[in-house]
Amino acid sequence: MPSPLVFCLLSILSLSGLLGRATSQPCLYNYTIGNGTPIIITTSDPVCLICFNTNNNMWAIAGGTETGISGAPYILYVMTPEMRFIGGPTVGCFSSGPMNLITSTVFIVAPAVPQVITYVNESDTLNLVCSKVMTASESAITLLGQSWMDPQRNTISNLSTYSLPFVNRTAAGNYTCVTKVVANANGVTNMTASTLVVVYYRPTIVSQNSSVYMVQGLSVQLNCTFDGIPVPKITWTYPNGSVVASQPRFLVQSTTTSTSLTISSPVVGMDNGTYTCSASNIRGMSSTTVQLFVQAPVPPDTPSNLVVTNAASSSISLSWTNGFNGYSPLVSVLISYEVDRYPQEGTRNQTFPFGTTATLIGLHSNSNYTIHVRLVNAAGLISNPANITQKTVLFTPSSSPTPNTTSSRSAGCIIQLCTAMWISYLCAVWFNSS
């Protein structure tokens, strides 16, 4: 076991917080300590430290009193990137045979930029500065230079600073600082750290329809789309200027890019007017308006261009053109008719789904029909009729059926046979009498 002095040294080093616990997880980077060569760590990921002397059965990382299987890796957790440079902690391992503590000096290089996220207002100047990764006194590390890359990975500056005046919203994205370091015999190492640039800009907002017409009693939705960073706060106002608050008849719903105001059962004279949708953030405010016209429902217009497209003995096909719906969607077609030959039948009605064609069936042959076509809207109002007269075609029975030639032939054969037998009988009587 190591001497009390060694344990004291290990305990002091453990207070640095650099050393973790033993782990069986694979490491992306392995570093060997105890051979006297300074160690340059240029990653902010956990790394494995391997003891130089692994010939004995027991070993431990300085900074702790744990022991492990010979050669087993221990994790060294590197400080966060905000710690610009951490140099010179002594890390060592010892064997369980001769009480021998062998050490190496570890340099941890963790480059970073001053801000993880950089905020800039549109039209202002964007300033980015790479972090300092070392001091001149560390002879084991040589800084070659720093540069900046834009979000498309194009080099935009060969200096540690970058300035972009009159920033617009397209400048947002991840910018990368590249630091080139020579770590003694390890050669040149490129280390990168990025900052997310967020550009604040004034909202823009547009309405999908500047004017909306809706029949009284049916729900209507007013819609707007918007843009802006930070995400704007949305406000709807009534025609009288007061702010809309969600209630049973008025419902406001918003996402990060759109907003809607749903009005249930709008009333003529009460809900008509100009509604305003506003978007605001720290950069300013924009607004747009939607004019709502609530109409009392009226009957639809009379169908036009009513014609007969086909007439048969028991059916008549019709076609027409729809007109104004009366501020309410058309939902069905009502067709009534009378037949002159059968006045006792009166007026008959047939209802068809909304459309521009229909066929009446089950009609009398060779009869004059007077037909009336009306449109029905969702408010239950019916248009005046479009009228037309049409006669059905005379029913003509099909031709007489073709004689069964097989049956005729059979009958003929029977007659011929009977005739032959009768003649034979007469001949026999005559022969016997003679």
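## Thr259 and its surroundings

Leaving aside neighbours within four places in sequence, Thr259 is in contact (heavy atoms within 4.5 Å) with Leu222, Asn223, Cys224, Phe226, Ile234, Trp236, Val252, Gln253, Ser254 and Cys277. One of these partners, Ser254, also meets Thr259 through a side-chain to side-chain polar contact of 2.8 Å. A polar contact here is a pair of N or O atoms within 3.5 Å; within protein, one must be able to donate a hydrogen and the other to accept it, and residues adjacent in sequence count only if both atoms are side-chain atoms.

Thr259 sits in strand S21, residues 258–263. Helices (H or I, at least four residues) and strands (E, at least two) are DSSP runs, numbered from the N terminus. With a relative accessible area of 3%, Thr259 is buried; buried means under 20% relative accessible area, exposed over 50%, and partly exposed in between (1.4 Å probe, protein chains only).

## About the model

You are looking at a predicted model, where local features need pLDDT of at least 70 and side-chain atom pairs count only at pLDDT 80 or more, while totals for chains, interfaces and linings use all residues. Residues are numbered from 1 along each chain as its sequence is written, and side-chain values use heavy atoms, with hydrogens and water left out.

## The chain as a whole

The chain holds two helices and 30 strands. Of its 434 residues, 36% are buried. Among contacts with a separation of 6 or more, 62% come from residues 24 or more positions apart.

The chain exposes about 23,800 Å², and carbon and sulfur atoms supply 56% of that area. Accessible areas come from the Shrake-Rupley method with a 1.4 Å probe; for residues, only the protein chains shown count as cover.

Strands of a sheet pair through backbone hydrogen bonds, either parallel or antiparallel.

Strand S25 (residues 315–321) is joined to S24 by five bridges, and the two run antiparallel; strands pair if DSSP finds at least two bridges between them. Within S25, Ser317 is the bridge partner of Asn310.

## Trp320 in strand S25

Strand S25 also carries Trp320, which is buried at 3% relative accessibility. The side chain of Trp320 reaches the backbone oxygen of Gly355 at 3.4 Å. The C-alpha atoms of Trp320 and Val308, twelve residues apart along the chain, are separated by 9.0 Å.

## Aromatic pairs

The structure holds six aromatic pairs. Rings of Phe, Tyr and Trp (its six-membered ring) pair if their centres lie within 6.5 Å; planes under 30 degrees apart count as stacked, over 60 as edge-to-face and the rest as tilted. The rings of Tyr238 and Phe250 have centres 5.2 Å apart and planes at 90°, so this pair is edge-to-face. Tyr238 lies in the loop between strand S19 (233–237) and strand S20 (250–254), and Phe250 in strand S20, so the pair ties together parts twelve residues apart in sequence.

Tyr238 counts as buried at 15% relative accessibility, and Phe250 does at 6%. Together with Tyr275, Tyr238 and Phe250 form one aromatic cluster.
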